Amino acid sequence: MSNLWGSMVPLIIGSAVVPIQIIITILLLRSASGKRTALAWIAGMTTVRLLQGVLFGLILSSGTSSADESSGESSTIVASFLLVVAVLLIVTGIRQLLSEVDPDAPPPKWLTMTETMGPGKAFALGAGLLLIGAKFWIFTLSAIALIGEADLGRSSSILTFLAFVALAQVAHLVVLGMALIAPEKSDAALASASAWLTRHNRVIMIVLSFVFGAWFLVKALDGLGVI
Amino acid sequence: MSNLWVSMLPLIIGGALVPIQIVITILLLSSASGKRTALAWIAGMTAVRLVQGVVFGSILSVGTATTDESSGTSSMIVATILLVVAVLLIVSGIRQLLTDVDPDAPPPKWLTATEVMGPAKGFALGAGLLVIGVKSWVFTLGAIALIGQADLGRGSSVLTFLAFVVLTEIVHLVALAMVLVAPDRSEVALAAASGWLSRHNRVIVIVVSFVFGLWFLVKALNGLGVI
């Protein structure tokens, strides 16, 4: 179980520490119908992750259960996923290093809409951003494959996946919690957090991409028996 | 063997039908040091694909050779990578549909540099575009996994991969050959082709993404025993 979480932590951090998404949460909290809109945005992201969980959980569980060599097949699936995650992260890091463009960043016109956005559009933005972000698909897919490999039984697997979803959104939930508990005191802190994230967005993404890319590469090569 | 080529064909077409790359070849051919620069640009793409072939060919062949259930393991690697290819293509199609932005498109400032580019920069552009293009990485990985699964022996596997690389670059090679064989007559045809591709870039990318995304999804689900 601890081994599972050891492998899941980089996926959780990679999903959770996306500066541009945290900035959107802060921007939405400061808009007209702030808290409801921010909650809807987080709900949009959560909905997509849960649907991915149901869909790919079913796919990968039938994949491994239909094979005789269930454990070996499952490890191979996980190692293959981690290899692709590693490639994806390292490519993202190189791309950011060379061109300053994050391929999974939201289109600029989506960002400018946050100021006037209501809950309905915020939900669509949250869902849409996860739908068009290749990295987030692969992170969630890999988490599902890791949980499948751990062979925890149905209910523990579901609980573990729900924990992954909650932890992947912990930064947004903390920001929302701050705005709910201490709206006035949190205002200045969130504004400076937003400014700091905007300034360091590129560096954070490059560091995360290379560190976790290398980490997943090692895990994948180990899983495939290469090292 | 024919089964292998049927599976490889969508990877070849997906890798070859990238309008923006074909437009770059045509732009380079009409630049100052045209033919040499275009050749260097194609060589840059080829070099990256060959390096990917050596690296991932070694990784995946070790991965399957170190397990007892080599054939089952190999099928699982292929099915998993095809599932990721399917997800990436469909996500890319949705992104283009919603935002007009291809996440694998080159940064605009790289494109404007083509007019004054020499062979060395042409080579770097070809290599750089493939290094930062997630889809092209995963297409090549998919082809390597398929060739590994076919268990052709070392010599035939290498030849099949080289054929994959050549076929993926066939459009660029044809454009280059047209300029070499009939420089005057090809000029009008290539300019028209470039204009047509620029106008229909978005539609081509969306169609290729959804059609091949669904094709790979079916292949992956079949390989995983889901359908």
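Biologist: Which residues is A:Val85 in contact with, leaving aside its neighbours within four places in sequence?
Modeller: In this predicted model, A:Val85 is in contact with A:Ile138, A:Phe139, A:Ser142 and A:Phe216.
Biologist: And which residues have the most contacts inside the largest nonpolar core?
Modeller: A:Val84, A:Val85 and B:Val85. That core has 133 residues.
Biologist: Which helix gives the most to this core?
Modeller: Helix H4 of chain B, residues 70–99. It contributes 15 residues.
Biologist: Back to A:Phe216. Which helix has it among its buried residues?
Modeller: H10(A). Its buried residues also include A:Leu190, A:Phe212 and A:Lys219.
Biologist: Where does H10(A) bend?
Modeller: At A:His200, by about 65°.
Biologist: What follows H10(A)?
Modeller: A:Gly225, with a positive phi near 80°.
Biologist: New topic. Which residue other than glycine has a positive phi in chain A?
Modeller: A:Asp151 is one, with phi near 55°. A:Asp151 sits in the loop between helix H7 (134–150) and helix H8 (154–168) of chain A.
Biologist: Why does A:Asp151 count as partly exposed?
Modeller: Because 13 other C-beta atoms lie within 10 Å of A:Asp151, while buried takes 20 or more and exposed means 12 or fewer.
Biologist: What about phi of B:Asp151?
Modeller: Positive, about 55°. B:Asp151 is in the loop between H7 and H8 of chain B.

Terms used: Residues are numbered from 1 along each chain as its sequence is written. Chains are lettered from A and ligands numbered from 1 in the order in which they are written. This is a predicted model: local features need pLDDT of at least 70, side-chain atom pairs count only at pLDDT 80 or more; totals for chains, interfaces and linings use all residues. A nonpolar core is a set of buried Ala, Val, Leu, Ile, Met, Phe, Trp, Tyr and Cys residues joined through C-beta atoms within 7 Å. Helices (H or I, at least four residues) and strands (E, at least two) are DSSP runs, numbered from the N terminus. Two residues are in contact if their C-beta atoms, placed from the backbone, lie within 7 Å. The bend at a residue is the angle between axes fitted to the seven residues ending there and the seven starting there.
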